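Subject: Structure for your review

Dear colleague,

Please find below the sequence and structure that I am handing over to you. My notes on what was found follow directly after them.

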Amino acid sequence: MLASATGRTRMAREQMTQAADLAAEVPEFHFQLGCLLAHARHYPDALLSFQATTAARPDMAEAWYFQGISLLRMHRDLEALPALRRAHALAPENLKLLDALAELAELGFRAGFPADALPLWRRLADLRPDDLHTVLKRGECESRMGLFERATEIYQQALRSHPDSAELTWR
């Protein structure tokens with residue numbers, strides 16, 4: 001961890017790999033190795049580390065989140081969905097995992113599950129009321145679900161809140 005903190009990322013990965021190999025029963029080493037590998041964009045190897053972590057610690061929401069993110073980065077969206085769902089189910093109130101909620105909402109919507117995504121977009125909009133992307137995604141999801149009046153209200157409010165947004169206006 002000191003090597004990582006001082007910018008020696010290659011050494012950090014080597015040392016953490018050795019720690020995970022020597023103490024395979026310690027899931028935290030696998031998790032930290034996965035984080036280092038993911039940061040270096042070695043997603044297939046990171047995925048293996050996160051899978052080892054979740055196998056040993058199925059209650060570790062962060063490991064499920066990073067497992068899902070690694071799968072997303074590898075363009076394995078449908079495989080990522082259960083991992084992100086698990087992360088959210090384990091820690092629905094953990095604001096550190098708010099990005100997991102956003103990824104899950106986005107992925108559910110893209111995968112054709114707007115009914116699953118809508119409550120997530122609503123919650124995100126409650127938590128991030130000024131985030132235009134979240135507001136627009138919620139409106140899009142409401143519209144996809146046939147809730148056109150709600151979608152219209154959301155878009156009108158967004159126009160009032162962000163009158164200069166290029167995403168909301170056509171010139």
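I begin with leucine 124, which, leaving aside its neighbours within four places in sequence, is in contact with Leu98, Leu101, Ala102, Ala105 and Thr134. Please bear in mind throughout that this is a predicted model.

Leucine 124 also has a place in the largest nonpolar core, which holds 28 residues; Tyr65, Leu84, Trp121 and Leu124 are the ones that touch the most other members. Two or more residues of this core are given by each of α5 (61-73), α6 (77-90), α7 and α8. Helix α7 supplies the largest share, with eight residues. There is also a second, separate core of 13 residues, and Leu33, Leu37, Met60 and Ala63 are among them.

For the overall picture, the secondary structure of the protein amounts to ten helices and zero strands. The C-alpha trace spans about 60 × 30 × 25 Å along its principal axes. Of the 171 residues in the protein, 42% are buried. Taking contacts between residues at least 6 apart in sequence, 42% join residues that are at least 24 apart.

Helix α9 received particular attention. The helix covers residues 132-144, which is 13 residues, and reaches 18 Å from its first C-alpha to its last, close to the 18 Å expected at 1.5 Å a residue. Its buried residues are Leu132, Thr134, Val135, Leu136, Lys137, Arg138, Gly139, Cys141 and Glu142. These buried residues pack against α7 (98-110), α8 (114-127) and α10 (148-161). Thr134, buried in α9, is also one of the contacts of leucine 124 listed above. After α9 comes glycine 146, with a positive phi near 85°.

Glutamate 106 lies in helix α7. Is glutamate 106 buried or exposed? Its relative accessible area is 16%, under the 20% cut-off, and therefore glutamate 106 counts as buried. Not counting residues up to four places away in sequence, glutamate 106 touches Trp121, His133 and Lys137. Of these contacts, Trp121 belongs to the largest nonpolar core, while Lys137 is among the buried residues of α9.

Histidine 30, in helix α3 (residues 27-39), is likewise buried, because its relative accessible area of 13% falls under 20%. Leaving aside its neighbours within four places in sequence, histidine 30 is in contact with Ala20, Ala24, Ser49, Ala52 and Thr53. Threonine 17 is found in helix α2 (residues 9-22) and, at 31% relative accessibility, counts as partly exposed.

How many disulfides does a search of the whole structure find? The search finds zero. Cysteine 141 is buried, with a relative accessible area of 0%, whereas cysteine 35 counts as partly exposed at 22% relative accessibility.

Turning to the aromatic residues, the count comes to four aromatic pairs. Ring pairs link Phe31, Phe50, Tyr65 and Phe66 into a cluster. Separately, arginine 85 lies over the face of phenylalanine 113, at 5.8 Å from the ring centre.

Finally, two residues other than glycine have a positive phi. Arginine 41 has a phi near 65° and is placed in the loop between α3 and α4 (43-56). With a relative accessible area of 66%, arginine 41 is exposed. Histidine 75 also has a positive phi near 65°, and lies in the loop between α5 and α6. Histidine 75 counts as exposed, at 72% relative accessibility.

Yours sincerely

Methods: Residues numbered from 1 in each chain as written. Predicted model: local features only at pLDDT ≥ 70, side-chain atom pairs only at ≥ 80, totals over all residues. Heavy atoms only, no water. Helix = DSSP H or I, 4+ residues; strand = E, 2+ residues; numbered from the N terminus. Expected span 1.5 Å × (residues − 1). Buried < 20%, exposed > 50% of the residue type's maximum accessible area, 1.4 Å probe, protein only. Contact = heavy atoms within 4.5 Å. Disulfide = S-S within 2.5 Å. Core = buried A, V, L, I, M, F, W, Y, C linked by side-chain atoms within 4.5 Å. Phe/Tyr/Trp six-rings, centres within 6.5 Å; stacked < 30°, edge-to-face > 60°. Lys NZ or Arg CZ within 6 Å of the ring centre and 35° of its normal.
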